[in-house]
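User: Hi! I am new to protein structures and would like to work through one with you. Could you help me read it?

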Amino acid sequence: RFEGIQTGTGTGVFVGNVTIGTTLSGSTYQLKDAARGNGYTTNMNNGTSGNGTLFTKSTDTWGNGSASNKESAAVDAHFGVATTWDYFKNVHGRNGIRNDGVGAFSRVHYDNNYVNAFWDDSCFCMTYGDGASNTHPLTELDVAGHEMSHGVTSNTANLNYSGESGGLNEATSDIFGSMVEFYANIPSDNPDYLIGELIDINGNGTPLRYMDKPSKDGASADYWSSTVGNKDVHYSSGVGNHFFYLLAEGGGAKVINGVSYNSPTYNNLTVTGIGRDKAAKIWYRALSTYMTSTTNYAAARTATEKAATDLYGANSAEVIAVGTAWAGVNVGT
Ligand code: ASN
Ligand code: ZN
Ligand code: CA
């Protein structure tokens, strides 16, 4: 064996058995992904300050799938960052969050009974709590993709985190978090348009959010209205999430990978999907080329129509589908 880039094996709480990128330093393996910008994962050990301790060990086999093993959530987080890195690189040609080849790091086991995960621009890092009773870590793949995508948004459109632009910021993270889940396509985390369906954040088995019909969470908006920007950004995001679902999959009842959806449309408009790959290309180009910090839903429609025009041509079926999907969530007609 040689120092430097290694491929280890891990068993996460949610990802199951996976290979992960590690580093060998002397005779010690580190949870540091030398092949992806040296993104690494640290143990906060239930503390809240500092950047934690890098996970290291004498063998390159990590975690056992149980949340009580401190390495298991670390495997999830580490795999989530690697998969999000691969997704942005291979699908969108983006080399890391800042497009500079530098990996972000993840802090797991933050605080006690902490039921959240977050991205922080100032540390260029993600942080995960262990959830209720410290036994339900928030380290699911779509959550990792969601948090890391906040970093991508900060380094592109930089959508202000309030009002309609804040809803678009949150929707961007739900959209790419879900696309990362589809990209990984692993058996233990069936890809879907639900956010956080494995972490049991509500304690009753329901997901955190639903992209096909956002109001199923009891608070998110299905359609644009003039007051939608007054909602919490995690609820005004519903308009953007619902648009994306409709653009990708179309309205009405549908079963995708064994999951049933029933997506309503404004005024019962008929919306036909163009597929998630094209929809994601359009959203990424809009985010990275046309959206700005103050983009609202009306401007997001213009941005995505321009992006679709660049990618698929003026008056293409894709451009028309973008307009129809926005009309389906009451953004323009
Ligand atoms: N998990 C939340 C998010 O990514 C944390 C927050 O509200 N800032 O949006
Ligand atoms: Zn978020
Ligand atoms: Ca999901």
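Analyst: Happy to. Helices are DSSP runs of H or I at least four residues long, and they are numbered from the N terminus. Please keep in mind that this is a predicted model.

User: Which residue just after H1 takes a positive phi?

Analyst: Helix H1 covers residues 70–92. Just after H1 comes a residue with a phi of about 70°, and that residue is Gly-93.

User: How far apart are the end C-alpha atoms of H1, and what span should its 23 residues have?

Analyst: At 1.5 Å a residue, the 23 residues of H1 should span 33 Å. The expected span uses one less than the number of residues. The model agrees with this, because the end C-alpha atoms of H1 are apart by 33 Å.

User: How many of the 23 residues of H1 are buried?

Analyst: A residue is buried if 20 or more other C-beta atoms lie within 10 Å of its own. H1 is largely enclosed by the rest of the structure, because its buried residues number 17.

User: How many helices and strands are there in the protein chain, and what is its radius of gyration?

Analyst: The protein chain has seven helices and 15 strands. For 333 residues the globule rule gives 20 Å, and the chain comes close to that, so it is as compact as a globular protein of that length. Its C-alpha atoms fill a box of roughly 60 × 40 × 35 Å along the principal axes. The radius of gyration itself is 20 Å.

User: What separates the centres of domain 1 and domain 2?

Analyst: Domain 1 spans 4–154 and domain 2 spans 163–327. Taken over C-alpha atoms, the distance between their centres is 26 Å.

User: Which element supplies the largest share of the side of domain 1 that touches domain 2?

Analyst: The contact takes 22 residues from domain 1 and 26 residues from domain 2. On the domain 1 side, H1 and H2 each supply at least two residues. By class, that side has nine nonpolar, 11 polar and two charged residues. The largest share is eight residues, and it comes from H2.

User: Which element gives the largest share of the shell around ligand 1?

Analyst: Ligand 1 is surrounded by Asn-116, Ala-117, Phe-118, His-146, Glu-147, His-150 and Glu-170. Strand S10 (117–120) and helix H2 (141–154) are the elements that give two or more residues to this shell. The shell has two nonpolar, three polar and two charged residues. Its largest share, three residues, comes from H2.

User: Is Glu-318 buried or exposed?

Analyst: Glu-318 is found in helix H7, residues 317–327. Leaving aside neighbours within four places in sequence, Glu-318 is in contact with Ile-274, Lys-278, Ala-308 and Tyr-312. Inside 10 Å Glu-318 has 22 C-beta neighbours, so it counts as buried.

User: What about Arg-285: is it buried or exposed?

Analyst: Arg-285 is found in helix H5, residues 276–290. Not counting residues up to four places away in sequence, Arg-285 touches Ala-307, Asp-310 and Leu-311. The cut-off for a buried residue is 20 or more. Arg-285 has 20 C-beta neighbours inside 10 Å, so it counts as buried.

Note on methods. Residues numbered from 1 in each chain as written. Chains lettered and ligands numbered in written order. Predicted model: local features only at pLDDT ≥ 70, side-chain atom pairs only at ≥ 80, totals over all residues. Buried ≥ 20, exposed ≤ 12 C-beta atoms within 10 Å, placed from the backbone. Contact = placed C-beta atoms within 7 Å. Near = placed C-beta within 6 Å. Nonpolar A, V, L, I, M, F, W, Y, C, P; charged D, E, K, R; others polar. Domains from an automatic or database assignment. Rg over C-alpha atoms; globule rule 2.2 N^0.38 Å.
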